[in-house]
Every structure is written in structure tokens, then in C-alpha cells.
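Here is a short tour for a reader new to this structure. Keep the sequence and the 3D view open as you read.

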Amino acid sequence: MSRRIIVGLSAIALAATAVPAHADQTNLTLPTSAFPLGQEQSRPLVKNQREVARGVRLFDLAHGRSTQGWTVSLLMPNGHDDGTLQAAQLKAEEASAAGFTPAVVRIVQPAAADAPAVERYMVRIGQWTLKQRAEADKMVKDLKEAGIKAKADYLADDGAETTGPWKMHVLMVDPRLFRGSFKTSVGVSVAKRETTSSMAKHLGAIAGVNGGFFNIHTPKQLQGDPVGVSVVGGRLLSEAVAGRSGLVLNGRRARITELKSVTTAVSSDGSRTEIKGINRAAGPDELVLYTQEFGAKTAADGGAEVVIDAQGRVVTREAGGAVPRDSSVLHGTGSMAEWLLSHALDGSTMRIDNKVIDLRTGKGVPLTPETHIMGGGVGLVRNGRVQITAKADGQASVNMMLRRHPRTLVGIGRSGGLIVATVDGRDPGVSVGASMVEAAQLMRWLGAKQAVNLDGGGSSAMVVGRKVVNRPSDGVERTVGDALFITP
């Protein structure tokens, strides 16, 4: 019977703690209470603050100090650094047999509003100070020579208790004073990714941040496609993932809710069918709509395809081509190609019906030229309480819930004003980022009654005027699928 090794068993967990009193957001001021993260119960250092437009104020904040260093994490057979207790014990045995001294570490993915806490295990070797990164890298090299895959890990990224430090940028919009509007943008096209600063320049924006997640699991030329709902100027450019959180904007009004979208093709012979996707690659037996904002050619995959002009008239064509101006294209594969061939004949007409439904109210969202909608990453705060919808929003994992990453966060204050924040991260000794629970705590501390997490990591970017004011973790600003803007 093999011996199981559990050396120095410890636990890493993050609990949702009590959050200090709310900020008076309508006065464009920060909370007077202590910063909600870290061990130092004090107010953050305001390194800079300025009014960037009437009713819009930018805060540059810093808090905490660096006290943690490096360790080495062994990778499990699936390539992840965490796994079951059995998997961790087997990996520890492998490292011990090779002459190393491993420790099996218990970690706990925090519970979300719609997902239970999850217990996982890691295998780690050694601990070094912040300045001893080279020692951790040497251990990784030694393990590799022994046939064991590993990586150097900064301990403050774990999600356990930390002293920080944190660097944040916060934009607050006072609805009593601000006279501009909120908008989203997908840039020059849906298919192509673009930097937040490039989109801001095109719009002449006061400020902006990167938007929701985009599809990296699709052909490279289509990776600007938002994963979730996107409405720009009343035009539905990407379908919703039903039940996921979204930001609904109309002029200078904003709210956060859960959404679904329904798009239907109605032929002149009375036949109706659901359109499954908008401006994305088609799967098997799918009908996908391409709008003039798509900005790429449709797939030459042997499916059926029709062009629908501004009057709804149908012209059939071979699959694979650009979307003509003031027109749309329906592309069908498998059984949906057969539907098109039967009901979308040359000279017939086709109507496309789009609906976006607010699942909290059950009512449709009017798609007017002032309407902009962005799909969020994870719901964080609802009705002033921390409520993380990690499972519904597809992010119930150790990496997203427990680990600290750069974050882009959007909230609605008690008076209806917009609160936008970026938390820098992946910058050892400078800024540690935030876990999902910490992100919710931060937004509630800033005064958000509703809040949502947008895309983070290397995508996190805040632009004021034409300048990126935070420090993107990639070292340069990343191209993204969409972005949120405060415009004159």
C-alpha cells in the first residue's frame, strides 16, 4: 500500500467579511471608512484626484505594503496547479521520490450566491522573499530536469490573507452634474479586436474602460466577438448568454440586471425560426445573423446563405462573403441550411425580430438609438449586498473566485451615478489585484448598490482622455472586444 504524503498541511480561504459604510457617491467623494481589504484598517492613500469633466472625478488610490514573496507550485497531470487530495498526494510522492521536500496545501474556493465552496489541493515547494525570485525560478528548473512540471508563484496572488499592496483607479459620475452620456463600442468591427484607447479616441470620450469577455476560442480573425450580449446604439450585435449579468445604458442612465435575447427570422411564407447567434462563427445546425458591423467575411463552409437588404428583400448567394452595406446576412448550417433553402427564396422577404429581455422585470429593453448594453463577467453586488453569481456567469472556479487578478469593475451608486474602477495586479510588490469576493467588497465600499465584474487580467485598462492611467499587466494595452465609455 502506497504511503500518502501531507507535509505542512495548511488552508487558504477567503471569507466575505463585513464591509464598511457606503460612500456618499453623489458628492464624488471616497468613503470615510477604512479600506475593506488587507490587515491595515486605515483609509487608502489618495495619490491624486481630479475632475476630468463636469460631474466626473478620477481618484488614484494606493493601500497596503508588500510583505510576501515566492513559492513553487507543481502542476497536476491536467496542467492545473490545483486538484483533488488524491492527485495532490500522488504529485507530492513523485516530487519526494525525486529528492524534493513538497507540502500539500489545502485551498478553498469561496462560496458564491449560486455555487458552494469547493475544497482543492496544491503541492508546493519552498518559500523565498520578493527579491529572491531567481531562487524560485531555479527550483522550477531543477524540477523540470527531474521530469516534474512546476511554476513560480507570488504568494500574494493566492487569495489568502495579505497586506497588499493595491493600486486602484476610480471614476465617479455624479448624475446631478454630468450632462453627457454612457456608451459602449465594439470598435471598427465586431470581429476585430481593438484597444480601449483607440475606441475612446474615435468616440471623443471623456474616459472609458475595457468591456466584457471576448471569444478567444474561435478563429483569430473573429476573436473580437463579445461573449454575451452587446447592443450599440440600439443595434443587437451579439446575443446574450441567458441569465448572465449585463450593464444597460440609456443616455446618462445606467442599471445592472440579468438579460436574455431572442432573435427570430420570419419568412414571407409565414415560417419562423430562432436565430442562435449574431456575428459569430456558426456551429452545427445553426442559423447565424451577420450585421454590417461584423467586419469580416462569412465562412465558406458549404452552408446556405442569403443577403437581406434594407427593405427585407432576399438574395441568395454562395456562403462566404462580406456583409453588404445597409444589409444583413443569414447563414445556415445543417438543418438550418435546409430551412433557408426552403423559406428564403430569391425575391421573397425576410423579417428579423430582435428582443432583449430584462429577467428581473420580465420586460423587454427598448432598443432605441440611445440604448447601449454590455455583457458583464460576474454579478458582484445586488441591492447593496454582496451577491456573486459565479456559476450563472460561467466563472465558478478557483482561478476566478479565489486567486487575485487585475480587475475592471462597474457599479451603480445609490443616487444612480456610475462608479468605474480598475485594480492593477500581477505586479509583485506593486499591486496584487483582487479576488472575486474582494472585488465585490471594494465596489460595495465605494458605494455601489449594484455592481458587476467585467473582463480583467491583461485586458484591464482605464483611459482618461487619450491616456491609459492604470498599468495593464501585459506591459502594453491589450486589444479587446468592446469597451464602456463616458462621453460628452
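Tyr 290 is buried, at 3% relative accessibility. Buried means under 20% relative accessible area, exposed means over 50%, and partly exposed lies in between, for a 1.4 Å probe and protein chains only. Phe 294 is buried too, with a relative accessible area of 1%.

This is a predicted model, where local features need pLDDT of at least 70, side-chain atom pairs count only at pLDDT 80 or more, and totals for chains, interfaces and linings use all residues. Residues are numbered from 1 along each chain as its sequence is written, and side-chain values use heavy atoms, with hydrogens and water left out.

## Aromatic pairs

Rings of Phe, Tyr and Trp (its six-membered ring) pair if their centres lie within 6.5 Å; planes under 30 degrees apart count as stacked, over 60 as edge-to-face and the rest as tilted. The count by this rule is five aromatic pairs. Phe 178 and Phe 182 make a stacked pair, 5.5 Å centre to centre with 15 degrees between the planes. Phe 178 is buried at 2% relative accessibility. Phe 182 is buried at 2% as well. The pair of Tyr 290 and Phe 294 is tilted, because the planes stand at 50 degrees, with ring centres 4.7 Å apart.

Phe 35, Trp 166 and Trp 445 form one aromatic cluster. Elsewhere a charge meets a ring: Arg 133 lies over the face of Trp 70, at 4.3 Å from the ring centre. A charge sits over a ring if NZ of Lys or CZ of Arg is within 6 Å of the ring centre and within 35 degrees of the ring normal.

## A five-strand sheet

Helices (H or I, at least four residues) and strands (E, at least two) are DSSP runs, numbered from the N terminus. Two strands pair if DSSP finds at least two bridges between them. Five strands form an open sheet with mixed pairing, in the order S16-S17-S20-S18-S19. Which strands stand at the edges? They are S16 (277-278) and S19 (314-318); each has a single partner strand, so one side of each is left without a neighbour in the sheet.

S18 and S19 run antiparallel and share five bridges. Val 307 has Val 315 in S19 as its bridge partner. Val 306 belongs to strand S18. Val 306 is buried, at 2% relative accessible area. Contact means heavy atoms within 4.5 Å. The C-alpha atoms of Val 306 and Ala 390 are separated by 39 Å, and the two residues are 84 residues apart along the chain.

## Two loop threonines

Thr 298 sits in the loop between strand S17 (287-290) and strand S18 (304-308). Is Thr 298 buried or exposed? Thr 298 counts as buried, because its relative accessibility is 6%. A polar atom of its side chain lies 3.2 Å from the backbone nitrogen of Gly 320. Beyond residues up to four places away in sequence, Thr 298 touches Tyr 290, Glu 305, Arg 317 and His 331, among others.

Thr 389 lies in another loop, between strand S25 (385-386) and helix H5 (398-401). Thr 389 is buried, with a relative accessible area of 16%. With residues up to four places away in sequence not counted, Thr 389 touches Asp 114, Ser 245, Val 378 and Gly 379.

## Antiparallel pairs

Strand S6 (residues 118-128) runs antiparallel to strand S4 (residues 70-74), and three bridges join them. Ser 73 stands opposite Arg 124 in S6. Strand S5 (residues 103-109) also pairs with S6 in the antiparallel sense, over seven bridges. Here Val 105 faces Met 122 in S6.

Strands S11 (residues 230-232) and S12 (residues 235-238) are antiparallel, with three bridges. Val 232 stands opposite Arg 235 in S12. Their hairpin has two residues between the strands, and Gly 233 takes a positive phi near 60 degrees there.

## Nonpolar cores

A nonpolar core is a set of buried Ala, Val, Leu, Ile, Met, Phe, Trp, Tyr and Cys residues joined through side-chain atoms within 4.5 Å. The largest has 57 residues, and Leu 380 and Leu 446 have the most contacts inside it. Helix H6 (residues 436-445) gives the largest share of this core, seven residues. Another core lies apart from it, with 26 residues, among them Val 209, Leu 247, Leu 249 and Val 452.

Definitions and conventions: A polar contact is a pair of N or O atoms within 3.5 Å; within protein, one must be able to donate a hydrogen and the other to accept it, and residues adjacent in sequence count only if both atoms are side-chain atoms.
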